[in-house]
Amino acid sequence: MADESNKVVAEIRDSFGKGAARKIRAKGLIPAVIYGHGTDPVHVTVPAHQVGLLLRKANAILDLDIDGKSQLTLVKDVQKDPVLQIIEHLDLIIVRRGEKVTVEVPVHVEGEPFSGTIAVLDIPTIKLEVEATHIPERIVIDVTDAEEGTQYHAKDFALPSGAVLAEDEDLLILNVVVPAAARADEEEEEAAAEAAEEAAAEEAAAEESAE
């Protein structure tokens, strides 16, 4: 949601290219571009530390102050240095209060499934259509005591008020399975038990024939 903590002072920039971007980042700023709603792209800089903290939340909304005017934006793309993980550039989309946007919301798994099983998240996000200023931080699924073979599809998730599923409702999100290593151990134990039974049976047969 957009609130006081999302307010970010942005400054218009007129220098471009890799060299200019390096100088901008050296000043503790991030180059960004704002676009959407049929407007021409606007190139700005935003404070790196403050925005870095806000970006810990998925689908962050930034309330930019540009020359004293407020502009709500949704962080659409974050480009990072692959080694240093420093934010190099942001793509921001203009949004308006009450406007619906389609976003990928992280799935958070709570609880422990039935003993000996694990919950495998096949898809870590779920696509929703929600109001731009009411994007949930995450969608929670509780797998407490779920047994092997239990599946959770997109339609099985409880959505917050006003949110609409923007996925195929039958899309498989999470599976409860027995780990491969545990299953292999179990199969080895079963095979050993069967071999022991066969050996005992053969021994008993041999003793009978000897009598």
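Is Asp 63 buried or exposed? Asp 63 is buried, at a relative accessible area of 5%. Buried here means under 20% relative accessible area, exposed means over 50%, and partly exposed is in between, with a 1.4 Å probe and protein chains only.

A word on the model. This is a predicted model, where local features need pLDDT of at least 70, side-chain atom pairs count only at pLDDT 80 or more, and totals for chains, interfaces and linings use all residues. Residues are numbered from 1 along each chain as its sequence is written, and side-chain values use heavy atoms, with hydrogens and water left out.

Salt bridges next. The structure holds two of them. The criterion is a side-chain nitrogen of Lys or Arg within 4 Å of a carboxyl oxygen of Asp or Glu. Asp 63 pairs with Lys 7, and their closest N and O atoms are 2.9 Å apart. This pair links distant parts of the chain: Lys 7 sits in strand S1 (residues 7–12) and Asp 63 in strand S4 (residues 61–66), 56 residues apart. Strands are DSSP runs of E, at least two residues long, numbered from the N terminus. Lys 7 is partly exposed, at 38%.

The other bridge joins Lys 155 to Asp 170, with the closest N and O atoms 3.0 Å apart. Lys 155 lies in the loop between strand S11 (151–153) and strand S12 (164–165), and Asp 170 in the loop between S12 and S13, so the pair ties together parts 15 residues apart in sequence. Lys 155 is partly exposed at 47% relative accessibility. Asp 170 is partly exposed too, at 42%.

Now the inside. The largest nonpolar core has 24 residues. Such a core is a set of buried Ala, Val, Leu, Ile, Met, Phe, Trp, Tyr and Cys residues joined through side-chain atoms within 4.5 Å. Which residues have the most contacts inside it? They are Ile 126, Ile 135, Tyr 152 and Phe 157. Strands S5 (69–80), S7, S9 (125–131), S10 (139–142) and S13 (172–177) each give two or more residues to this core. S7 supplies the largest share, four residues.

S13 also holds Val 177. Val 177 is partly exposed, at 29%.

On to the surface. Patches are made of residues with over 30% relative accessible area and no salt bridge; like charges are joined within 9 Å, and nonpolar side chains (Val, Leu, Ile, Met, Phe, Trp, Tyr) within 5 Å. Glu 110, Asp 142, Asp 145 and Glu 147 gather in a patch of negative charge. Glu 110 belongs to strand S7 (residues 100–110) and is partly exposed at 34%. Asp 145 lies in the loop between S10 and S11 and is exposed, at 53%.

There is a nonpolar patch as well. Val 83, Leu 84 and Ile 86 form it, with about 330 Å² of accessible area together. Val 83 is in the loop between S5 and strand S6 (87–94), and is exposed at 71%.

Last, backbone angles. Most residues other than glycine have a negative phi. Gln 85 has a positive phi of about 60°. Gln 85 is in the loop between S5 and S6, partly exposed at 45%. Asp 145, from the negative patch, has a positive phi near 60°.

Notes: Accessible areas come from the Shrake-Rupley method with a 1.4 Å probe; for residues, only the protein chains shown count as cover. Lys and Arg count as positive and Asp and Glu as negative; His and the chain ends are not counted. The place of a charge is taken as NZ of Lys, CZ of Arg, CG of Asp or CD of Glu.
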